[in-house]
Amino acid sequence: MEKTTVKSPANIAFIKYWGKKDKDLRLPLNNSISMNLSGAFSLTTVEFSPDFKRDEIEMVGEEIGEKEKERIIEHLDRVRKMARVDFKARVKTKNNFPKGTGIASSASGFSALSLAASRAAGLKLSLKEVSVLARLGSGSACRSVPDGFVEWEKGNSNSSSYAYSLYPPGYWNLADLVILVSAQAKKVGSTEGHSMIKSSPFTQVRIDTVGQRLKKIKKALREKDFTLLGETIEAEALNMHAVMMTSQPPLFYWSPKTLELMLAIRAWREEGLEGYFTLDAGPTVHLICQKKDVRKMKKELSSIKGLLGVIVNYPSLGARVVKDHLF
Ligand code: PMV
């Protein structure tokens, strides 16, 4: 049993995953498309050993709640079952960004855990199988496994719902400036949020129209049409948040700073600096722009008061085994 460490990126969805058709298998209502992020990642080391009396889970610099611990142990159980191993494990993980603020720590975390634990248990899974495994831990994690620009095929069974690479990271010089506006963990996590989708009267509209936006994103990627990409990304984020805000009870993830940034990004665009926003389940704003404009965007952002930080990301590889262990 070999100790294994994996580095996995977080990802930002251009077309979002919001709502499941199968809760236990985490099968999504629609296909989604994302880009892996070079500057926001998890590092996870896993070791299985007959010497360990119980599973030990540690997150560097962060308290880990009982529920979260259980979810990780459940994932280890999946791997143990697949590998026919019954040793306990030691897991240590480190994120380079604050969790619960709209950067998907569950995505990078479960992607890293899936590859690290399967290798540490002696399994040699294919990329597709690692993506399927990661999805069972957290839906969006399946998109952090393959490289670059990724599509998650919704599928209709466990083995047919997984993500694959559409284009490698070097395909297009895009950037995602992650603008941190709050370090507080969100009140309603995405797992609970997904299950509330049925209570919004706008969900049907979302289901009826998401296919058109998916096609537009694919065309924009194929033709490297940044304006089409950006306009569709923004429309998609607003569509998902309209569903969230009209759920019962309403899920309101924005803070006043979130809205201030969204309006500023639109104003800069009108003045000729082309950038678009997207948001996940949190107040963090993702500013999508072209690499050539990153410096100008950072300058504009420096004029906005009260921001906690900006993480500059470029498209990145997916999950990879690395040499340096955390223990
Ligand atoms: O994988 P989950 O359950 O954390 O869901 C992620 C949902 C969003 O981040 C809001 C959208 C997405 O596709 O990443």
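This is a predicted model: local features need pLDDT of at least 70, side-chain atom pairs count only at pLDDT 80 or more; totals for chains, interfaces and linings use all residues.
Visitor: Start with the ligand. Which residues come nearest?
Guide: Y17, S140, R143, S190 and H194 come nearest, out of 14 residues around the ligand.

Visitor: What is the make-up of that shell by class?
Guide: The shell around the ligand has 5 nonpolar, 6 polar and 3 charged residues.

Visitor: How far is the polar side-chain atom of R143 from an oxygen atom of the ligand?
Guide: The distance is 2.8 Å, from a polar side-chain atom of R143 to a ligand oxygen.

Visitor: And Y17, which part of that residue lies 2.8 Å from a ligand oxygen?
Guide: For Y17 the atom is a backbone N or O. G139 also places a backbone N or O atom by a ligand oxygen, at 3.5 Å.

Visitor: How much of the ligand does the protein bury?
Guide: The protein buries 96% of the 380 Å² that the ligand exposes when taken alone.

Visitor: Switching to helices. At what angle do α5 and α6 pack?
Guide: About 160 degrees, and their axes are 9 Å apart. Helix α5 covers residues 203-223 and helix α6 covers residues 226-245.

Visitor: What does that make them relative to each other, parallel or antiparallel?
Guide: Roughly antiparallel, because angles over 145 degrees count as such.

Visitor: Is the crossing left-handed or right-handed?
Guide: α5 passes α6 in a left-handed crossing.

Visitor: What about α2 and α3, how do they pack?
Guide: Helix α2, residues 105-120, packs against helix α3, residues 127-137, at about 125 degrees, with the axes 8 Å apart. That angle makes α2 oblique to α3. The crossing of α2 past α3 is right-handed.

Visitor: Now the backbone. Where is the cis peptide bond?
Guide: The cis bond joins Q248 and P249, with omega about -5 degrees.

Visitor: Which loop holds P249?
Guide: P249 lies in the loop between α6 and α7, the latter being residues 256-270.

Visitor: What is phi of R26?
Guide: Phi of R26 is near 55 degrees, which is positive, and the residue is not a glycine. R26 is in the loop between β2 (20-22) and β3 (27-28).

Methods
Residues are numbered from 1 along each chain as its sequence is written. Side-chain values use heavy atoms; hydrogens and water are left out. A residue is near a molecule or strand if one of its heavy atoms lies within 4 Å of it. A polar contact is a pair of N or O atoms within 3.5 Å; within protein, one must be able to donate a hydrogen and the other to accept it, and residues adjacent in sequence count only if both atoms are side-chain atoms. Accessible areas come from the Shrake-Rupley method with a 1.4 Å probe; for residues, only the protein chains shown count as cover. Ala, Val, Leu, Ile, Met, Phe, Trp, Tyr, Cys and Pro count as nonpolar, Asp, Glu, Lys and Arg as charged, and the others, Gly among them, as polar. Axes are lines fitted to C-alpha atoms, for helices over the stretch in contact, and angles run from 0 to 180 degrees between N-to-C directions. Helices (H or I, at least four residues) and strands (E, at least two) are DSSP runs, numbered from the N terminus. Angles under 35 degrees count as roughly parallel, over 145 as roughly antiparallel, 65 to 115 as roughly perpendicular and the rest as oblique. A crossing is left-handed if the near helix is turned anticlockwise from the far one by less than a right angle, and right-handed if clockwise.
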